[in-house]
Each structure stands twice: as C-alpha cells, then as structure tokens.
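Please look through the following report on a single protein chain, which is written for a reader who is new to structural models.

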Amino acid sequence: MSSSDTATLLEDAADRIADFSRADIQIMLRRAALRLRNAGTVSMENDVEDALRDLAGEFGKTRNDMIRFIVREWMEKNTYLPMHALDEDGDVDGSA
C-alpha cells in the first residue's frame, strides 16, 4: 500500500469516523505510524541545507520536493533515467 493510499484511507476515516470500527482505525493508525517511522530524512551539510532552502523558496516547493527534483534531473542528465521526450511541434523558446 502506498503512502497516498494510506493518506486517503486516513482522510476518509476522519470524514466518516462513526462508520469505522475501532479495530479498523487502529490498523490505519499503526500503518501510518510505521510509514512515518520508516520515512528517512536526508541530512545535508549546512551550506547545502541553505542552498536547498533558498531553491525551495524560489521554486515554491518543499525541501523534500526540491531534493526529488534535483535527483531526478541529475539522473536524467547522466542517463540513469530516460530523458523527457520533446514533441516536434512543442515550444522550445528559441532553443532546442
């Protein structure tokens, strides 16, 4: 079960709390606690943290979203992931 599925179940339970049994709520809360406990945090050196914070603010993203974006871009540029394909009729703003 993905974290978005767990979040959806929790939100649904919150909206209809009277319709859920105590056992169902306990299971959902234990799953959520397990996901939180296993979610690792990536710690960086102070100068990198400062740059991440500045970039995240500039892009309007969270720190974790910024890390995901940077890692994806790096992996694409170093051919560990396939590049996003540009369609021939797409706008490239003067550069290709």
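## The model and its confidence

This is a predicted model, in which local features need a pLDDT of at least 70, side-chain atom pairs count only at pLDDT 80 or more, and totals for chains, interfaces and linings use all residues. Residues are numbered from 1 along each chain as its sequence is written, and side-chain values use heavy atoms, with hydrogens and water left out.

The pLDDT is the predictor's confidence in each residue, from 0 to 100. Its average over the chain is 82, and 81% of the residues score at least 70. Among the elements of the chain, H3 has the highest mean pLDDT, at 94, while helix H1 (residues 3-15) has the lowest, at 80.

## Overall make-up

The chain has four helices and zero strands, where helices (H or I, at least four residues) and strands (E, at least two) are DSSP runs, numbered from the N terminus. Of its 96 residues, 10% count as buried, a word that stands for under 20% relative accessible area, with exposed meaning over 50% and partly exposed in between (1.4 Å probe, protein chains only).

## Where H3 meets H4

Two packed helices are described by the angle between their axes and the distance between the axes. Helix H3 (residues 46-59) packs against helix H4 (residues 63-77) at an angle of about 95°, and their axes are 9 Å apart; these axes are lines fitted to C-alpha atoms, for helices over the stretch in contact, with angles running from 0 to 180 degrees between N-to-C directions. H3 and H4 are therefore roughly perpendicular to each other, the term for angles of 65 to 115 degrees, whereas those under 35 count as roughly parallel, those over 145 as roughly antiparallel and the rest as oblique.

In H3, Glu 49, Leu 52, Leu 55, Ala 56 and Phe 59 are in contact with Arg 63, Met 66, Ile 67 and Ile 70 of H4, contact meaning heavy atoms within 4.5 Å.

## Two single residues

Ala 32 lies in helix H2 (residues 22-38) and is buried, with a relative accessible area of 15%. Not counting residues up to four places away in sequence, Ala 32 touches Thr 6 and Leu 10. The C-alpha atoms of Ala 32 and Leu 10 are separated by 8.4 Å, although the two residues are 22 residues apart along the chain.

Thr 79 is found in the segment after H4 and is exposed, with a relative accessible area of 68%. Its phi is near 60°, a positive value in a residue other than glycine.
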